Amino acid sequence: MSRPRLIVTGADLAPQALALLTDFEIVYAGKTPTEDDLVALCQRHDPVAIIVRYGAVGATVMDAAPNLRVISKHGSGTDTIDKAAAQARGIAVRAAVGANAAAVAEQALALLLACAKSVVPLNTRMHAGHWDKATHKSIELQGRTIGLVGLGAIGRRFARMCDAMGMRVLGFDPYAQDLPEHIQAVDLPTLWRESDAISLHCPLTADNRQLLNAQTLAQCKPGVIVVNTARGGLIDEAALLAAVQSRQVFAAGLDSFAIEPMAAPHPFHQVPQIVLSPHIGGVTADAYIHMGVGAARNVLDVLAQPVSA
């Protein structure tokens, strides 16, 4: 009797995750699967589960897999999965919540420090033979205020890091409960108005798309720092570019973008005050294992439940 099939929308999965999935035949879709690729694989293999690493899973893919019971995200963000379509078809959607929290929070801290200390432009100048000690002044973060939008596992971990540096931490998350004492819950207008730096840690939804735009950036302190390790769609990129050029935004550290991979050339490429990384906040050896194991366990948990009539 053949084993049930599981499609991974990627080229690999951590050995620790595969060890949990020995009862399944694993089918890999590769690193850049298109919707047509996934539809064809579903039609050929009729999977009971999909682990999503790359690409999107929408209604068309789901309809090509009549026995599909669970779509499990290899990570915490499920915006690439059509959750409404899944719910309508009785397909569970799960995320490996918190599996990459340490990795992403550390990336947010790296970007915040890179912006405040001008790490990238100073490095470029040093490699070109310059010594700018007499003319450069960095920003000291101790005593300044950081505003966090989103207080899940990543946002809370990052908040602890900022608190440890002596920063005042403001946070906005309508779903967060039992916040620690070092996070002061505020509304968004207060967060925009009082923050010296803003870091985004929320999922992308229809309601918060381009949350950071020309209007909200204008409400911020002049010289604010912006960090985004969440989803690129949270920021109006043209508005952010204009705010950096006008110096309303001192610097921005970005790990996610509206369109990925980022097209070249891109307007951000020629702006030294914008520090870029290719959506690798959660890409560490440890997080790779944690996310794979979390995704595999979510598959097993859903499939262990009886099928509803």
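The open sheet has five strands in the order 2-1-3-4-5, with parallel pairing. Strands here are DSSP runs of E with at least two residues, helices are runs of H or I with at least four, and both are numbered from the N terminus. Two strands pair if DSSP finds at least two bridges between them. Strand 2 and strand 5 stand at the edges with a single partner strand each, so one side of each has no neighbour in the sheet. From one strand to the next, the twist averages 20 degrees.

This is a predicted model: local features need pLDDT of at least 70, side-chain atom pairs count only at pLDDT 80 or more, and totals for chains, interfaces and linings use all residues. Residues are numbered from 1 along each chain as its sequence is written, and side-chain values use heavy atoms, with hydrogens and water left out.

| Strands | Sense | Bridges |
|---|---|---|
| Strand 1 (residues 5–8) and strand 2 (residues 25–28) | parallel | four |
| Strand 1 and strand 3 (residues 49–52) | parallel | three |
| Strand 3 and strand 4 (residues 70–73) | parallel | four |

Leu-6 stands opposite Ile-26 in strand 2 and opposite Ala-49 in strand 3. Ile-50 faces Ile-71 in strand 4.

Two helices pack on these strands. Helix 2 (residues 35–45) lies across strand 1, strand 2 and strand 3, at about 170 degrees to strand 1. Helix 11 (residues 285–303) touches strand 1, strand 3, strand 4 and strand 5, and its direction makes about 160 degrees with that of strand 4. Axes are lines fitted to C-alpha atoms, for helices over the stretch in contact; angles run from 0 to 180 degrees between N-to-C directions. Contact means heavy atoms within 4.5 Å.

Asn-100 sits in the loop between strand 5 (92–95) and helix 5 (101–116). Why does Asn-100 count as buried? Its relative accessibility is 8%, and buried means under 20% relative accessible area (1.4 Å probe, protein chains only). Leaving aside neighbours within four places in sequence, Asn-100 contacts Ser-76, Ile-154, Gly-282, Ala-287 and Met-291.

The largest nonpolar core has 31 residues. Such a core is a set of buried Ala, Val, Leu, Ile, Met, Phe, Trp, Tyr and Cys residues joined through side-chain atoms within 4.5 Å. Val-149, Trp-192, Val-226, Leu-240, Val-249 and Leu-254 touch the most other members. Helix 10 (237–245) is among the elements that give two or more residues. Helix 10 gives the most, with five. Beyond four places in sequence, Val-249 contacts Leu-217, Gly-223, Val-224, Val-226, Leu-240, Ala-243 and Val-244. Another core, of 28 residues, lies apart and includes Leu-112, Phe-158, Met-167 and Val-227.

Terms used: Buried means under 20% relative accessible area, exposed over 50%, partly exposed in between (1.4 Å probe, protein chains only).
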